[in-house]
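User: Please examine the structure shown below and answer my questions on its geometry and packing.

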Amino acid sequence: MSPQALTAPYFGAGSPVDHLDIIQYPHPTLRHRAKPLRRVDDVLRRMIGEMFGLMYNARGIGLAATQVDLPYRMFVVNATGDPHETSEEMVFINPVLSQPKGTAEGEEGCLSLPGLYADVKRPERIVLNAYTLSGEEVNMELDGLMARVVQHETDHLNGVLFIDRLSTTASMAVKDVLTDFEQIYAGKLERGEIPNDAAVAKRLAELERERT
Ligand code: ZN
């Protein structure tokens, strides 16, 4: 019996996922365009529960599937960031944004770029169309923080990070921090502590075959 067989696999036997972690820039999955989900199963529900836990631990208010190395068009939000406020928990599956209006500038951070904050200009209001975990279709007109969070998370599903949306001056200001992240990642790759790009791509393809 292999040591692995002694512990029950949380996400099912033979699943390419044994646990979820928040990945950091410049992990290649953060640049992957996620695919629409065609089915929601118990394993996916467990993954979503895990995503909320990871988000709260990291003191975030939104987390996209690509940030936990899953290639699915789905993200979770709790704008209060408070794990006790379960009624504020929202799961958006296959989100589509439309009717952007106005412009607003606000500070953003990202759990995949911990410690980095910068001002980002985005449409002030947006319409979100998505499915909930129970398969219900929702249509919401959003503004303020929710509009910002939903746009930030939807960007993630298209492989876009908030650092791609900075002014030239702000980009220059964060350049050194990004280089630090890149060097740390390169070091881990060199030491074989994390899977290489080919292994990451193979795993994503397998996960896409399961649900998209
Ligand atoms: Zn983010």
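Analyst: The bend at a residue is the angle between axes fitted to the seven residues ending there and the seven starting there. This is a predicted model, in which local features need pLDDT of at least 70, side-chain atom pairs count only at pLDDT 80 or more, and totals for chains, interfaces and linings use all residues. Residues are numbered from 1 along each chain as its sequence is written, and side-chain values use heavy atoms, without hydrogens and water.

User: At which residue does H4 bend?

Analyst: Helices (H or I, at least four residues) and strands (E, at least two) are DSSP runs, numbered from the N terminus. In H4 the bend amounts to about 45 degrees, and its position is Lys-175.

User: How far apart are the end C-alpha atoms of helix H4?

Analyst: The expected span of a helix is 1.5 Å times one less than its number of residues. Helix H4 has 23 residues (residues 168-190) and should therefore span 33 Å; this agrees with the distance between its end C-alpha atoms, 32 Å.

User: Which residues in H4 are buried?

Analyst: Buried means under 20% relative accessible area, with exposed over 50% and partly exposed in between (1.4 Å probe, protein chains only). By this criterion, the buried residues of H4 are Ala-170, Val-174, Leu-178, Phe-181, Tyr-185 and Gly-187.

User: What is the radius of gyration of the protein chain?

Analyst: The protein chain comprises five helices and seven strands. The radius of gyration is taken over C-alpha atoms, and the globule rule is 2.2 Å times the number of residues to the power 0.38. For 212 residues that rule gives 17 Å, so the protein chain is as compact as a globular protein of that length, its radius of gyration being 17 Å.

User: What percentage of the 212 residues in the protein chain is buried?

Analyst: Under the cut-off of under 20% relative accessible area, the buried share of the 212 residues in the protein chain is 43%.
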